[in-house]
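Hello,

Here is the structure for you to look over. My notes on what turned up follow below it.

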Amino acid sequence: MANWLGFDPGIHSWWCSCRSWRSTQFGGASFFGGVDKLPSILARQTIFGIVVDPGAAILVVIITALLCTGIKESSLAQAIITTVNISALVFIILAGAYLGCKTGWPGYEVSSGYFSFGVNGLLAGSATVFFSYIGFDIVASTAEEVKNPQRDMPLGIGIAVSICVILYMLVSAVIVGLVPYYALDPDTPISSAFAGYGMEWAVYIITAGAVTALCASLIGAIIPQPRILMAMARDGLLPSFFSDISRHTQVPVKGTIATGIFIAILAFFMDVSQLAGMVSVGTLLSFTIVALSILILRYVPPDELPFLPSDQQLNVSGRHRDAFETYVAGRPLLQNVAQDKLRRRKVAAWSITMVCFGVLVVVAAISTEGLSSILCFILSGIGGMLVICCLTVLNSIDQAGTKESFTKPGGFMCPFVPFLPVASVLINTYLLLNIGAQTWIRVLIWLGVGVIIYIFYGRGHSLLFDDVRRPITHTDDDHADATLS
């Protein structure tokens, strides 16, 4: 389901793509003997006082051309790139563990201790590097190109996340153990760590893995965006230009080219060091919106009218609404069910609202610097009790029959509702509040651009502008069973 709120967080893939070349330039320069020996067409240059990266734009153009050839061809290329990347990561873990055991892990022997910046520093760092997890949306974005998405998508996302988390943790633990965190080279941390132990030959293996990893990241960042634009264009939120599918390659070529051009311009002109935070904000916002949407669909689904039998699926709008009300008025049992459902929706809606308010109180109390410990404890306690009480209320309310209404048989349903979505909102909100104010200003400007496009184009052309909805269908027996239960 595409909507305008999903577009702005989805736009973060463009920003993510723009940050790839900086590390590629420093890491790939090892093949040429250093940054100063890079070919002029790949090296950074200054034009009218602006530092530009022509190599970044060239890399984006190459990846865009690859993605235009078709999903099978790009998947094969990404499989090869990922294999090289994983091989390099395994080498880093094994070789680094050998060096660490041999030297006694000097990186962990720092005067400030292992947990130098405390819990707040840990979570603030987590919020900044959250962009490492944005590539997983490629699985959901290519659902139309999967043979069995109900089974393969949840399985693929779960396996991919598990593998990446394990590799992230092992590589981080090894590198920080070899070299103290403050002594790491910010541009080439892994290769410089091994070079410091006299393993210059390992730099080439690590550099090859780093370059292929960045290429894979670029592919994963570009693939979802044209499909998001395609879904939005189908809903009328964007011009139909973005919804065109190539008959030959079966991919949205026009949208891919437009995305590639925009990314190439950003990569050529912009200082990408300031955009990492925007990437994380976009990802965290999208995850938070998804978690809240799950609560709404389970407890307060939009326009829920589950009392019309399946053989009379009339659009409850205009002249059909009178027929529907006459149908319900003649059946007292359905009137009682309708009143119960309405009360349930009101209680659930207020509970969800108060959960969000309680989360904000807890997170604000914990994150605010200079707040007295007593006041922090009081506010955290009030917010925590509010969240717990509302969670208890939501857990006692029967969830709507969304499985029959919004998914196909055998489709994936989020488990542990409402606890898992609320936990996701709590953690994401804390991470969002620990991102700098300057980053939030840039994000709000970008969101403002999206709102302007929606107001002046998307709203008037949306398929939902004159939408006529039908009720969720149930049989009379279902209503009787629901009432008796």
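Start with helix α4. In α4, the buried residues are P54, G55, A56, A57, L59, V60, I63, T64, L67 and C68. Buried means under 20% relative accessible area, exposed over 50%, and partly exposed in between (1.4 Å probe, protein chains only). Helices (H or I, at least four residues) and strands (E, at least two) are DSSP runs, numbered from the N terminus.

Before you go further: this is a predicted model, where local features need pLDDT of at least 70 and side-chain atom pairs count only at pLDDT 80 or more, while totals for chains, interfaces and linings use all residues. Residues are numbered from 1 along each chain as its sequence is written, and side-chain values use heavy atoms, with hydrogens and water left out.

Back to α4. The helix spans residues 54-68, 15 residues in total. From first C-alpha to last it reaches 21 Å, close to the 21 Å expected at 1.5 Å a residue. (The expected span is 1.5 Å times one less than the number of residues.) Just after α4, G70 has a positive phi of about 135°.

What does α4 pack against? Its axis comes within 8 Å of the axis of α12, and the two cross at roughly 170°. Axes are lines fitted to C-alpha atoms, for helices over the stretch in contact, and angles run from 0 to 180 degrees between N-to-C directions. That makes α4 roughly antiparallel to α12. The angle classes: under 35 degrees is roughly parallel, over 145 roughly antiparallel, 65 to 115 roughly perpendicular, and the rest oblique. On the α4 side, the contact (heavy atoms within 4.5 Å) uses P54, A56, A57, V60, T64, L67 and C68. On the α12 side it uses V253, T256, I257, G260, I263, A264, A267 and F268. By class, that is 12 nonpolar, three polar and no charged residues. Ala, Val, Leu, Ile, Met, Phe, Trp, Tyr, Cys and Pro count as nonpolar, Asp, Glu, Lys and Arg as charged, and the others, Gly among them, as polar.

G220, A221 and I222 of α10 meet P224, Q225 and P226 of α11. The tally for this contact is four nonpolar, two polar and no charged.

Also in α10 (residues 200-222) sits A216. A216 is buried, at 12% relative accessible area. Beyond four places in sequence, A216 touches Q78 and I81. Its C-alpha is 6.7 Å from that of T82, 134 residues away along the chain.

S191 belongs to helix α9 (residues 189-195). S191 is buried too, at 10% relative accessibility. Leaving out neighbours within four places, S191 contacts V203 and I206.

How many salt bridges does the structure hold? One. The term covers a side-chain nitrogen of Lys or Arg within 4 Å of a carboxyl oxygen of Asp or Glu. The pair is K254 and D244, at 2.9 Å, N to O. K254 is in α12 (residues 253-269), and D244 is in the loop between α11 (224-234) and α12, 10 residues apart. K254 is partly exposed at 38%, and D244 is partly exposed at 31%.

Overall, the protein has 20 helices and two strands. Of its 485 residues, 38% count as buried. Among contacts with a separation of 6 or more, 78% join residues 24 or more positions apart.

Best wishes
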